[in-house]
Amino acid sequence: MDISLFLFVGFSCFLLINGNKVEDCDYLTDKTSLQSFHVLLQAEQPYRTAYHFQSPQNWLNDPNGPMYYKGVYHLFYQYNPNSAWFGDGMVWAHSASYDLINWFGLDHALVPSEPFDAISCWSGSATILPGDKPVILYTGIDANYNQVQNLANPKNESDPLLVEWVKYSRNPLMTPPDGVKGDNFRDPTTAWQGPDGTWKVVIGSYSNSQGMAILYQSQDFVHWTMHRDPLYSSSKTEMWECPDFFPVSINSTNGVDTSVENPSVRHVMKASFNSHDYYIVGTYVTEQERFLPDADFTGTSSDLRFDYGKFYASKSFFDGKKNRRILCAWVNESDSMEDDLKKGWSGLQSIPRQIWLDLNGKQLVQWPVEELNSLRDNEVYVYDKQLESGSVFEVSGITASQADIEIMFELPKLEEAEFIDTSLVDPQLICDKQDASVTGKFGPFGLLALATKDLTEQTAIFFRVFRDHKDYKVLMCSDQKRSSLRNELDKTTYGAFVDIDPQREMVSLRTLIDHSIIESFGGKGRSVITTRVYPKLAINDEAHLFAFNNGSLSVRVSRLNAWSMNKAQITAGGEPGTISEDFSRKK
Ligand SMILES: *[C@@H]1O[C@H](CO)[C@@H](O)[C@H](O)[C@H]1NC(C)=O
Ligand SMILES: *[C@@H]1O[C@H](CO)[C@@H](O)[C@H](O)[C@H]1NC(C)=O
Ligand SMILES: *[C@@H]1O[C@H](CO)[C@@H](O)[C@H](O)[C@H]1NC(C)=O
Ligand SMILES: *[C@@H]1O[C@H](CO)[C@@H](O)[C@H](O)[C@H]1NC(C)=O
């Protein structure tokens, strides 16, 4: 049975079963029937996820203002209450959690209502001011479609759920400066405080053919002055969306609060453009208000990214509960806009990731938050298994459509790896040309996720190991070409080099599979690739998981551990008074 809910706001709303209109939406008058209706809808929807954050219906995009406050994690996100597509009238939807995995929906935090956000409440960040006072800075789309920066405060600071927010009456605080177009001025970061108490914040922008982070300063968080120069700008970039600027410890996986500035930290500048989240690492010279990166963006495939697949508009925050920095991002769909209407929804949030600076100082490392492991169930494992050339074996005994897998490969006779001059090649292009079906020496070897038994459908996440001039290069790929028998899907192949030395370290992969999303962490989180796939046959119980080696040299699975993943509890919000009973019980 093919059930779809079509919602055309201001037009009509009806339920389709096998393409026939059977009910109008007044069938769904009270909330209870609406909720049970969604349960039915989900059961019929193979692409809804079980442990990734998504809303029951409609469009979502950027995570906004994530924070930890009085024992509660908060996630706000861009949400269109009217449609499965992006549009005017975007709000800040709001969910809360005790563990970053199970979420409870609350009332929308910010909805368009005033001249300074008449059209939409767009992205922004939370800052916790001294005295434990959280505030939000966000971009309002005003009645003239200009982008302006606004402030909102909690109505009741002793409410750990921060349900109600009050917009500051003298908004906007910042309007597009001279030389910046009205639609090139958005997404304030979390603010930080200098040693003299001055507050600083950056806004994403584009001017004079340079993407940039425009810097503002304030003594009281209300009156803001633009600094003469941007904190950073680069001609190699486009309009910066959702900039993020934060310190990372040079020698610890612990996170540090956003205002920390001392010799034991370096700074990261992230910007979202060209559908990817790019970053540079460098030194923040507070006195001069300058960020000096170790190297500028290059505008080439060698620029560092948080994720080499789908992962955009990310935002990080310092989690004082566990002393770590956490990264969240929007992962969009790869099917068509018509499919979004049929599904009734579009967009997911990535699993929150802990993020820190690699000991080599060159790049960041990411790993799913440890709380995710609480959903693991039903472990199966394989130790010390030789994978001869051309072999495939099934990892059975788990729910392959909803799983977490860790696998480590040993490569004997590494010196036989084929030669490649990696200075000349774009990793994504090699992955595309030498996809999983193209035999090499070391590799392709890895996993076949969301696969049919006969492998007609499969998403291959795999490695190839090459010899470079004097060392080895590990390439990680995610090949979606055979991910679905359905056409009209974006099946782009993704690829990245993984900065590990296979002479010293095994080639490892952790992959999170959740119905239509696959997040893969290569080399213990040094390179990450997230993809969206929509198998036609390999859904739910029809999905299988395999490990394979299609290289001409054999490799050894030193260890494979796989778990079925339980469903996370994620309940809807958006209606007044929807603080669910489950939520109060868990407290
Ligand atoms: C503020 O929140 C606290 C904690 O939830 C609650 O006890 C108190 O009644 C609230 N105050 C108001 C004015 O709503
Ligand atoms: C980290 O580096 C800082 C600055 O060099 C140093 O003071 C600190 O002791 C180091 N911490 C560890 C755990 O090595
Ligand atoms: C969203 O998905 C489409 C289709 O796969 C892709 O072309 C686009 O780059 C994506 N955008 C972002 C911001 O991820
Ligand atoms: C392995 O290689 C063979 C021969 O090229 C090919 O038919 C098969 O599809 C490959 N396996 C995978 C998983 O790509």
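How many of the 9 residues of strand 18 are buried? The count is 8, so strand 18 is largely enclosed by the rest of the structure. Buried means under 20% relative accessible area, exposed means over 50%, and partly exposed lies in between (1.4 Å probe, protein chains only).

**About these views.** This is a predicted model: local features need pLDDT of at least 70, side-chain atom pairs count only at pLDDT 80 or more, and totals for chains, interfaces and linings use all residues. Residues are numbered from 1 along each chain as its sequence is written, chains are lettered from A and ligands numbered from 1 in the order in which they are written, and side-chain values use heavy atoms, with hydrogens and water left out.

View 1. Strands (E, at least two residues) and helices (H or I, at least four) are DSSP runs, numbered from the N terminus. Two strands pair if DSSP finds at least two bridges between them.

**View 2. Bridges link strand 19 to strand 18 and to strand 20.** Strands 18 and 19 pair over 7 bridges in the antiparallel sense. Look for Asp-244, which stands opposite Lys-270 in strand 19. Strand 19 (residues 265-273) and strand 20 (residues 276-285) also run antiparallel, joined by 7 bridges. Here Ala-271 stands opposite Tyr-278 in strand 20.

**View 3. Strand 6 is mostly covered.** Of the 7 residues in strand 6 (residues 91-97), 7 are buried. Val-91, Ala-93, Ser-95 and Ser-97 point one way, while Trp-92, His-94 and Ala-96 point the other way. Strand 5 (residues 72-80) pairs with strand 6 over 7 bridges, in the antiparallel sense. One of the partners there is Ala-93, which bridges to Tyr-77. Ala-96 stands opposite Phe-104 in strand 7. Strands 6 and 7 form a hairpin with 6 residues between them. In the turn, Leu-100 has a positive phi of about 70 degrees.

**View 4. A disulfide joins Cys-431 to Cys-477.** A disulfide is a covalent bond between the sulfur atoms of two cysteines. The cut-off used here is a pair of cysteine sulfur atoms within 2.5 Å. A search of the whole structure finds 1 disulfide, with 2.1 Å from S to S. The torsion about its S-S bond is about -75 degrees, so the disulfide is left-handed. Cys-431 lies in helix 3 (residues 427-433) and Cys-477 in strand 34 (residues 472-479), so the pair ties together parts that are 46 residues apart in sequence. Both cysteines are buried.

**View 5. Cys-242 is in no disulfide.** The nearest cysteine sulfur is that of Cys-328, 12 Å away. That is too far for a bond. Cys-242 is buried, with a relative accessible area of 1%. Cys-328 also counts as buried, at 7%.

**View 6. Seven residues, Ala-436, Ser-437, Leu-448, Gln-458, Arg-482, Phe-548 and Asn-550, surround ligand 4.** A residue is near a molecule or strand if one of its heavy atoms lies within 4 Å of it. An oxygen atom of ligand 4 is 2.6 Å from an N or O atom in the side chain of Arg-482. An oxygen atom of the ligand is also 3.1 Å from a polar backbone atom of Ala-436. For Ser-437, the distance from a ligand oxygen to a polar backbone atom is 3.2 Å. Taken alone, ligand 4 exposes 360 Å², and the protein buries 59% of that. Accessible areas come from the Shrake-Rupley method with a 1.4 Å probe; for residues, only the protein chains shown count as cover.

Technical notes. Polar contact = N/O pair within 3.5 Å; in protein donor to acceptor, adjacent residues only side chain to side chain.
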